[in-house]
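Please consult the sequence and the model shown below.

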Amino acid sequence: TRQSDLSDLRVLVTAGPTVEDIDPVRFVSNGSSGKMGYAIAEAAVSRGAKVTLVTGPSHLEPVAGAEMVRVRSTEQMKDAVLKRLSTVDAVIGAAAPVDFRPAERFDQKWKKSDGLPQIDWVQTPDILASVAKAKEARHVVVGFAAETRDVVLNAEKKLVSKDLDFVVGNQIGEEGVGFGTDTNRVIIVSKNGPDPLPLMSKLDVANEILSRVRIVFDGRLGT
Ligand code: C5P
């Protein structure tokens, strides 16, 4: 049985979108609901893990039994994750952080009568790439790859560039898959190659991911 099979693990999950402000009323974000990350946190709690959920703005109910850390911007999410890295064993990056933000946030609301705003964009930090630089030998790190094409190829690239243990890839734009849905069809990509799973609930996907984290972690321990 899975009951309590993660009771020796401290798992940090990122979830939801991030938000980058343009002015006091406008922002850049994306359609991530947070459902996948929240499902992972929920499944990990029920399997006995100590769980921290670092979440961007989401309408979902807090996950009972998890430490909830609420952030807004990608920079804040990165800081929240790195600050806790030394106290966790696994990082699962299910968030969809915004990759660019306005170089400057206007202090006042930009008025239509002001004309079109000229906005310079700068890159936000890549959270999992920062984790890759700061992590220790015990850490198991999992990333996601939501793609409209070439899911396996893109997942393999992320596996290497972010030095991940495995990547959960999914084809977006397919029915019942991706942002906002309750189901997902994913391909888990590790150095052992692609492992396609059937369409299943996000909670079942979460449990599949956590079982693989357990296996990787046991390999680390040499058990
Ligand atoms: O490279 P890309 O952003 O598509 O990779 C997606 C994976 O990287 C996800 O696991 C996501 O949570 C993570 N990511 C991140 N920081 C970013 C952007 C994405 O950790 N700024």
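## Leucine 128

Leucine 128 is in contact with Gly93, Val141, Gly143, Lys162 and Leu164, leaving aside its neighbours within four places in sequence; contact requires C-beta atoms, placed from the backbone, within 7 Å. Leucine 128 belongs to helix 3, helices being DSSP runs of H or I with at least four residues and strands runs of E with at least two, numbered from the N terminus. Leucine 128 counts as buried because it has 26 C-beta neighbours inside 10 Å; the term buried applies at 20 or more other C-beta atoms within 10 Å of a residue's own, placed from the backbone.

The model is predicted: local features need pLDDT of at least 70 and side-chain atom pairs pLDDT 80 or more, while totals for chains, interfaces and linings use all residues. Residues are numbered from 1 along each chain as its sequence is written.

## Lysine 162

Lysine 162 is located in the loop between helix 4 and strand 10. With 20 C-beta neighbours inside 10 Å, lysine 162 also counts as buried. Not counting residues up to four places away in sequence, lysine 162 touches Leu128, Ala129, Ala132 and Gly143.

## Helix 4

Helix 4 comprises residues 151-161, and Val151, Ala155 and Lys158 are buried there. Seen down the axis of helix 4, these buried residues fall within an arc of 60°, so they line one face of the helix; the arc is that of the directions from the helix axis to the C-beta atoms. The buried residues of helix 4 pack against strand 9, strand 10 (166-171) and strand 12 (186-190).

Terms used:
Buried ≥ 20, exposed ≤ 12 C-beta atoms within 10 Å, placed from the backbone. Contact = placed C-beta atoms within 7 Å.
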